[in-house]
Amino acid sequence: MRRILILSLVSLEISTEESQGKMIEVVLNDRLGKKVRVKCNEDDTIGDVKKLVAAQTGTRPDKIRIQKWYTIYKDHITLKDYEIL
């Protein structure tokens, strides 16, 4: 069974240094109503976010699908490219 996490986010600026980039907090909801909060950089890939979510939930990263409405996010694209800032 594949756990589907639907992406919604809360932008949270933690670091103001340009070398590190802006950190954001991503809130993921699964279909059962469970929320997972992950802090990551805007230049992290979706695959990196999946690894952070997997560490919190105990689900393997390859079993996680992150989507917003009908758009399924691909692992190799960064949050900045998806304009998640």
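The following legends describe close-up views of a predicted model.

**Figure 1. Confidence along the predicted chain.** The chain has a mean pLDDT of 77, and 74% of its residues reach 70 or more. Confidence is highest in helix α1, at a mean of 91, and lowest in strand β1 (residues 3-10), at 50. Over residues 8-19 the pLDDT is below 50, although this stretch has 26 contacts in the model beyond near neighbours in sequence. Where pLDDT is low, the predicted coordinates should not be read in detail.

**Figure 2. Helix α1, residues 46-57.** The helix contains 12 residues, and at 1.5 Å a residue it should span 16 Å. Its end C-alpha atoms lie 16 Å apart, which agrees with that expectation. Which residues of α1 are buried? They are Ile-46, Gly-47, Val-49, Lys-50, Val-53, Ala-54 and Thr-57. These residues cover an arc of only 150° around the axis, and therefore lie on the same side of α1. An α-helix has 3.6 residues a turn, so residues three or four places apart point the same way. On the other side of α1, Lys-51, Ala-55 and Gln-56 are exposed. Just after the helix, Gly-58 adopts a positive phi of about 85°.

Figure 3. Strand β3 (residues 35-41) pairs with β2 in the antiparallel sense over 7 bridges. Within this pairing, Val-26 has Val-38 in β3 as its bridge partner. Between the two strands of the hairpin there are 4 residues, and Gly-33 in the turn has a positive phi of about 95°. In a regular strand the side chains alternate between the two faces of the sheet.

Figure 4. The side chains of Arg-37 and Glu-25 meet in a salt bridge, with 3.8 Å from N to O. The pair links distant parts of the chain, since Arg-37 belongs to strand β3 and Glu-25 to strand β2, 12 residues apart. Arg-37, at 46% relative accessibility, counts as partly exposed.

Figure 5. Lys-50 counts as buried at 8% relative accessibility, whereas Asp-75 counts as partly exposed at 40%.

**Figure 6. The salt bridge of Asp-62 and Arg-60.** The side chains of these two residues meet with 3.2 Å from N to O. The count for the model comes to 3 salt bridges.

**Figure 7. Trp-69 in the loop between β4 and β5.** Where does Trp-69 lie? Trp-69 is found in the loop between β4 (64-68) and β5. Its phi is positive, at about 55°, although Trp-69 is not a glycine. Most residues other than glycine have a negative phi. Trp-69 counts as exposed, because its relative accessibility is 71% and the cut-off for exposed is over 50%.

Key: Residues are numbered from 1 along each chain as its sequence is written. This is a predicted model: local features need pLDDT of at least 70, side-chain atom pairs count only at pLDDT 80 or more; totals for chains, interfaces and linings use all residues. Side-chain values use heavy atoms; hydrogens and water are left out. The expected span of a helix is 1.5 Å times one less than its number of residues. Buried means under 20% relative accessible area, exposed over 50%, partly exposed in between (1.4 Å probe, protein chains only). The arc is that of the directions from the helix axis to the C-beta atoms. Two strands pair if DSSP finds at least two bridges between them. A salt bridge is a side-chain nitrogen of Lys or Arg within 4 Å of a carboxyl oxygen of Asp or Glu. pLDDT is the predictor's confidence in each residue, from 0 to 100. Contact means heavy atoms within 4.5 Å.
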